[in-house]
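Thanks for coming, everyone. I'll keep this quick. Please have a look at the model on the screen.

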Amino acid sequence: MRLDKLHFLLALGTLLGVALPATLWTRASATRLTESLNKVSDVATASAANEGYCSGNLKQILRRVLTSCGLIQGGGSRGCQPLQARQMAAMSGGDFNSLFAPLAQRAAIVQFDQDKADLDEAAMGLLEKTFADQRGASYFLVVSRASPEGSVEHNRDLSRHRADAVLEHIKGKFNDPELEQEVGLLWLGEEFAQLDQEFCQWKRSRTEGACTTADLNRSAFIAWIDCRL
Amino acid sequence: MVPDVNPQAFVQEKGSPDGAPRAALVAFALFALLGVVFSAVSTYDFVAHLDRQVHAITCSIVPGMGPRDAAGTSGCHAVLMSPYSSVFRSLTWGGIPIALPALGVFAFLFFRGLDLSLRRGIDRGETGFLIVAALLPVATSVIYFWISKVELGTVCTVCAGIYGASLGVLVAAIWAHIGAARGASTSSGQWPLYFLEGCALVLVPVMLYMVQKPPYPDTLTHKNELRHPEDRYGVMLKNKGTGSVPAIEVLDPLCPACKAFSQRLAASDLGRDLALQTVLFPLDKDCNWMVNESLHPGSCAVSEAVLCAGEKSSVVLEWAFAHQPELLAAGALGQDQVYALLKQEFPALGTCLGLPLVRTRLNRSLRWVVSNSLPVLTPQLFVRNRKIPDEDTDLGLDFVLARTLEGDGSTRGEVRR
């Protein structure tokens with residue numbers, strides 16, 4: 001076959017037909033890349049939960065429990081005593097309890113026998129289940145109480161032992177390296193913010209029999225708090 | 001005495017006096033044009049991804065018809081993102097798409113077919129060259145079909161079009177050759193010229209591509225380091241990777257992109273240099289408070305199973321990758337459905353799934369992500385605690401890995417500072 005003008009015209013046309021789109025497509029990508037580098041990513045960043053119920057008052061109390069009672073700063077003392085609690089809350093017991101109302105689905109009440117600080121099977125089960133359901137929460141609050149029988153001093157000690165029993169069980173069961181920074185203890189004895197009958201509707205470790213306010217306050221109120229401080 | 005031979009009869013017996021049948025040459029050109037179309041579509045889809053963004057791709061036997069794959073679930077997407085879709089990936093971001101030289105080859109075949117079909121008296125020297133030239137795409141197609149089936153377990157529709165076009169040009173070339181005039185060929189001496197023309201049609205677009213393609217922004221590998229890479233919670237799965245360079249992948253066991261990424265990393269030579277640990281980050285609202293909707297429903301339950309499996313976590317993870325559609329469908333019905341599937345496949349895990357201890361462990365896995373302020377997406381890869389940009393976990397993986405593994409993570413050569 002003789003190589004004539006047609007042959008070379010076809011060759012040139014084919015070359016252009018291939019080279020042109022390849023060039024245009026590549027340049028278009030380069031342009032888009034340049035534009036995209038100036039855009040800010042709209043992907044969310046992983047963070048702890050901060051639910052709508054985290055009001056200023058709740059955060060303030062939480063911050064005070066965690067700082068005043070040696071948690072965030074890593075101090076030696078753990079937990080707030082009733083007097084401190086009353087001071088830091090700077091509100092009535094009823095108002096204090098109502099702060100926790102939005103936690104109804106996240107909280108539980110671990111109940112104890114009268115004048116005892118030992119966790120029974122049901123209490124351990126409820127505690128483990130509640131603690132395992134951390135989700136995005138940063139802090140686990142334990143608010144222990146005592147019913148009014150007995151002296152004020154005795155009930156302070158009793159509620160402290162109840163809070164300690166909860167903490168020790170969590171430590172033994174979950175081996176959480178951040179426990180020191182996560183758990184806030186507040187023991188109220190009989191002096192402040194006793195739970196009223198409404199809390200009988202909350203998750204409790206003892207569901208059989210009647211629910212009295214005395215039963216309710218022989219307890220440790222436990223809850224993960226979905227707030228960022 | 002000279003025998004009385006009819007020259008016309010002699011030629012008729014051996015082949016057409018007009019040379020190769022025009023129909024065969026036209027068919028050759030048309031099949032080559034088909035190859036041009038399919039390889040152009042494939043090249044376009046590949047080149048579009050050089051902007052490091054996500055694009056829908058063509059996955060239809062009739063380009064332009066049918067929906068484009070935007071979800072990344074098609075075989076076309078799997079093949080496009082596989083290490084086999086391009087060459088020299090470690091040298092240039094994304095590499096050179098194999099479809100681009102294919103486009104040049106088919107364009108050359110089309111040019112030859114068109115040139116010959118416009119002429120008369122095509123001899124076997126010409127058609128013989130067509131056969132030899134057609135063997136290249138056929139051989140490449142056979143190799144790529146094998147890779148697709150065996151290595152990737154899927155076949156892309158656009159690639160199938162290229163395979164078909166390759167076979168078509170070979171058959172048409174043989175047909176033309178059989179019908180071509182025999183005798184002394186005047187064109188065999190032109191094969192070197194044809195060869196050079198073919199080389200030009202392949203090399204010129206490749207060179208233009210290399211010159212025009214965007215340089216890799218050097219700054220991208222110098223940000224996003226892990227703040228707290230240590231495994232304080234004991235949640236990292238340490239059963240992958242045989243290399244020595246510390247690396248952490250963050251993935252969701254029911255995320256299709258994570259599965260594809262895991263396969264790409266396993267197929268990459270550079271991936272073998274990594275001592276890979278895995279952090280589970282299920283994008284499922286059952287356990288992950290950072291998502292409002294479950295992107296991969298059921299992945300919390302599957303993640304629990306992976307953690308429950310201990311040293312055999314990779315077995316559960318691989319099984320989950322292989323059964324993502326069923327697990328996602330079960331997850332949409334509820335976590336219990338996923339637990340049931342897991343217990344059926346791994347009965348020994350039944351005593352662990354859903355219990356407080358494993359749920360706490362999974363939560364700590366999520367908290368590791370929080371403590372490092374990572375974006376809420378999967379997969380993510382960190383090499384020497386430095387993030388491989390999310391946009392570089394597919395086509396750019398080998399290029400960026402190569403730079404990161406060089407030592408200090410800085411990019412060299414193809415960079416823009």
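Which residues have the most contacts inside the largest nonpolar core? They are F28(B), F106(B), V169(B) and A305(B), and the core itself has 127 residues. Keep in mind that this is a predicted model.

Who gives the most to this core? Helix α2 of chain B, residues 22-48, with 15 residues. Two domains of chain B also come in: domain 1 (7-212) and domain 2 (224-416) both give residues, so the core lies between them. Take F28(B). Leaving out residues up to four places away in sequence, F28(B) touches G113(B), L130(B), V169(B), A172(B), A173(B) and A176(B).

There is a second, separate core of 44 residues. A117(A), I170(A), F221(A) and I225(A) are among its members.

That brings us to chain A. Chain A has 8 helices and 4 strands. Of its 229 residues, 39% count as buried.

Now the sheet. It is open, with 4 strands in the order β1-β4-β2-β3 of chain A, and the pairing is mixed. β1 (107-111) and β3 (183-187) of chain A are at the edges with a single partner strand each, so one side of each has no neighbour in the sheet. From one strand to the next, the twist averages 20 degrees.

What does β1(A) pair with? Strand β4 of chain A, residues 219-225: the two run antiparallel, joined by 5 bridges. Within that pair, I109(A) stands opposite F221(A).

Two helices to finish. Helix α5 of chain A, residues 121-132, lies across β1, β2 and β4 of chain A. Helix α6 of chain A, residues 152-174, lies across β1, β2, β3 and β4 of chain A, at about 160 degrees to β3(A).

How values were computed
Residues numbered from 1 in each chain as written. Chains lettered and ligands numbered in written order. Predicted model: local features only at pLDDT ≥ 70, side-chain atom pairs only at ≥ 80, totals over all residues. Buried ≥ 20, exposed ≤ 12 C-beta atoms within 10 Å, placed from the backbone. Core = buried A, V, L, I, M, F, W, Y, C linked by C-beta atoms within 7 Å. Domains from an automatic or database assignment. Contact = placed C-beta atoms within 7 Å. Pairing = 2+ DSSP bridges. Axes fitted to C-alpha atoms, helices over the stretch in contact; angles between N-to-C directions.
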